[in-house]
Amino acid sequence: MTRRAYNPRTARLAKIAGKENTKIRLTKADREFLSDLAKVQIISATQAADNHYAHLKTQGSRSLQRLVDAGIIISRKIFVTGQGQYKAYEFSSHEMAVAWGGRLPSTGNSKSDYHELITSEAYFRLGRPDDFRLSHKLSKSDETLIGEYLPDALYTDQATGELVLFEADAGNYSKQQIRNKTLSWERRGLKQTWAQPEKVTSRIQKNDNLKLLIV
């Protein structure tokens, strides 16, 4: 029997994943999860349970497994020193990520998986801003406005309409690194939001133009 194409996107995704015979209908919660995943690249199981599947008794575990089985996303464990393991989800392939308007996490020497999870947690704490854009999506005009130090993301404050720079610190920024970035952006009159864990090398000092999230 030919698989029913519930919409062009799911049919294309199934083909990309080599799962043409997988029958899946995406719920509203699934679509919101995948849309957010495209924005932040990685989402933990806890974040998904709290922000997408809180209405379900299974807290999304079955829904997410359906997306894994369909070849749309994959799950993996992220170990954080002193905190244990996080279960996290990302798109199953570059092609799958592009189909949803996103990309795979680009972690390495400068950005860890934990750093990316802090970024996604901040995204949800900020109310999932519609125009939340990671650094790779910044335009040339954005870069000119921001100056020497590019932030991890940009978004618009929904209450004031002001542009806000977002930076995540996984806890290892030195006092000088923080000073260099915050002062550079302050001199340009730009508002900032920083996210840090409980334990850090140097704590951000809040002010009227700098918001701090402890995640």
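R76 has a relative accessible area of 25%, which counts as partly exposed; the term covers the range between buried, under 20%, and exposed, over 50%, with a 1.4 Å probe and protein chains only. R76 forms a salt bridge with E90, and the closest N and O atoms are 2.6 Å apart. By salt bridge I mean a side-chain nitrogen of Lys or Arg within 4 Å of a carboxyl oxygen of Asp or Glu. This pair links distant parts of the chain, with R76 in strand 2 (residues 73–80) and E90 in strand 3 (residues 84–91), 14 residues apart. Helices (H or I, at least four residues) and strands (E, at least two) are DSSP runs, numbered from the N terminus. E90 is buried, at 10% relative accessibility.

A word on the source. This is a predicted model, where local features need pLDDT of at least 70 and side-chain atom pairs count only at pLDDT 80 or more, while totals for chains, interfaces and linings use all residues. Residues are numbered from 1 along each chain as its sequence is written, and side-chain values use heavy atoms, leaving out hydrogens and water.

How many salt bridges does the structure hold? There are eight. One of them joins D30 and R66, at 3.2 Å from N to O. D30 sits in helix 2 (residues 28–40) and R66 in helix 4 (residues 61–69), so the pair ties together parts that are 36 residues apart in sequence. D30 is buried at 0%, and R66 is partly exposed at 32%.
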